[in-house]
Structure formats: C-alpha cells, structure tokens
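These are my notebook entries on one protein model.

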Amino acid sequence: MFDNKQQLLAHLHTFSVAAKYLSFTDAANELFLTQSAVSHRIKKLETQLKFNLFIRKTRKLELTPEGFRVLSMLNTSFELIFSELSDIQNGELSGEIYIGTSPYFASAWLMPRLKNFRGLYPNLSIKLVTKQNISDFQFDPIDLGIFYSDGHYPDQFKVPLFQGKRTPICTPEYADKHRLFDDVLNLKEVNFIHNGSHSAWRYWLDQMKVNIDCTQRCDVFAHEHSSEAARQSMGIALGRLEFDYALIESGELVAPFPAIESGKGYDLVCPQGMQSRAKFQAFSNWIVDECRKGE
C-alpha cells in the first residue's frame, strides 16, 4: 500500500509533534528543522495518505477528523513502543503502568485496594488518570482501563470483572420513618435521590413492577455524592452495591429492598497486544483476585 515505509514513519512522527503543538513552527523547534521542512513533510504525508490531516487557518492549525484518528493511533502505538523499550532496558515489572478509570470507581473501589498492588510490585510506578466517560480516553495513551459499560469494546482486549448491582439505600431512621421494610409501595412518600438522571430509578421500579413517579419529589447528585446524601437522611438513593456494601454491613445504611443487576458491568480493557505484557498480566491477576474477595 505504501512504497516507502521508512519515510512514512518519519513523516508520521513529524505529524505527531506538529499535532501536539498545533504549530509547524513549534514542531520545527523540537525537531531541529525549518518550518518549511515541517510543512513540506506534512504535505507529503497527506499526499501519501490521500486525505488532509490539518485545517490550515490564518494564525493556527486545527486537526481534521481524520487527523484526530491518526493522532489517536500514533499516541497509542508510540506509548506501547516506548513502554516496551523501557521494560527491555529496566526489566519487566519496573517502569510505569498507566491506568484509566472513572473518578467514582477510583475513589470508591480502586484506591482502597491499590496499596495491595503497590506492595506486590514496588518497582512499578502507578499513573492513575480519571475521567467521566470511556470516550474521554480516546487520545490518552493508557496501558489499561477499568470501565463500566455494556462490555462492547471493538478491537480491544477485555477481562470481565463483575456485574453492577443496584439497590435502594437509606439510613435506618429514614427506613423506619417511611415504613420501607413493610411495603415497597411506601416509596410513594419518600424523597428519591438520583445519580445524574432518573433512568436508573425508573429501571429499578420497573423491575419491581411498581408504578411510582420517582421524579415528583427528588434531588439529583453526582454518583460520588448520592450515598452521602442518603447518609444524611435526605432521602433514599439507588446505591451501587459493589461500592456501598461496607456502609450496609456496618449498619450505617440499610437496603430495604432487593438488589437488581444494572445491565452493565466492569471490565479491564487494554489495546490489543498489551494483554501479553507482564505488567498487564500482573495487574489483571491482582484485580481479578480482589474482585473474588468481594464475592
């Protein structure tokens, strides 16, 4: 498909630097080239690829959609190359492991357990980055991610960890006040605490075959604050059992009704090829063991 692959690789590297700065001048400074040489390489690369990588404006550059896709591919590929070289130089299970997940999973589940992984692999530096959505990680060169979704990850390797479960939670005092242990229909009198949207509560009520409007009397909080609102007796939240189990076990909160599967689960995900790396296997084995402890 490409006649001169060595030249193509050199031009792709030039593109990755230019894309980082969105400036041919700044890229030229880093690459010790002239601005015109960088511009020439990019034009030649676009000719080879048969599509434009940049939108050239008067005072700045912007990436085209195709440019974003190429940059994402290069970030992942270069990170794998540099990580592999580091492992060869320093020995496996040293260097860095770059983990991506949501803020809620990081604070509620991963961080309380991560010291155990640190104890097992003291020479492996942990880099943890948190963002709300899987799509936010598209341009981050992470080694692995822990994501909550329907489990569909095209062209990536995954290890299923556990299914999400939802159960209503509140303080014992709030449950007694509204006689929640007596009848699910007593939910008609409560204040519902929602996690961002009303869909999760509606799904739970539908599964219970209960016709109650959960939006008539309600508050809305982010995931990480809904359990705290329940702890303050502000209402009844739809907790994630995997995160709120300790609060229920301690008696600080109660779960008056059954838990249901959310229809989504947590998966350990990595780019294809990463699963054979020793540091991925070490983390994968560790986190699977941690998940089994909670079963």
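Where is His178 found? I located His178 in the loop between H6 and strand E7 (192-195); helices (H or I, at least four residues) and strands (E, at least two) are DSSP runs, numbered from the N terminus.

**Entry 1, basis.** I am working with a predicted model, in which local features need pLDDT of at least 70, side-chain atom pairs count only at pLDDT 80 or more, and totals for chains, interfaces and linings use all residues. Residues are numbered from 1 along each chain as its sequence is written, and side-chain values use heavy atoms, with hydrogens and water left out.

I noted a mean pLDDT (the predictor's confidence in each residue, from 0 to 100) of 88 for the protein, with 92% of its residues at 70 or more. Where pLDDT is low, the predicted coordinates should not be read in detail.

Not counting residues up to four places away in sequence, His178 touches Asn186, Glu189 and Val190; contact means heavy atoms within 4.5 Å. Ser284 lies in helix H10 (residues 278-293) and is buried because its relative accessibility is 9%. Leaving aside neighbours within four places in sequence, Ser284 is in contact with Val159 and Leu268.

I listed Ser226, Ser227, Ala229 and Ala230 as the buried residues of H8. They cover an arc of only 155° around the axis, so they are on the same side of H8; the arc is that of the directions from the helix axis to the C-beta atoms. Their cover includes H5, strand E6 (156-169), E7, strand E8 (218-221), E9 and helix H9 (241-250). Ser233, which follows H8, has a positive phi, near 60°.

I found about 680 Å³ of space in the largest pocket. On a 1 Å grid over the protein atoms alone, a pocket is an open set of points where a 1.4 Å probe fits, with protein on both sides within 12 Å along at least five of seven lines; lining residues have an atom within 4 Å of a point. Of the 30 lining residues, Tyr148, Arg166, His223, Arg240 and Lys264 are the closest to its centre. Elements giving two or more residues to the lining include helix H5 (103-120) and helix H8 (223-231).

Note on methods:
Grid points are joined across faces, edges and corners, and a volume is the space filled by probe spheres set on the points. Buried means under 20% relative accessible area, exposed over 50%, partly exposed in between (1.4 Å probe, protein chains only).
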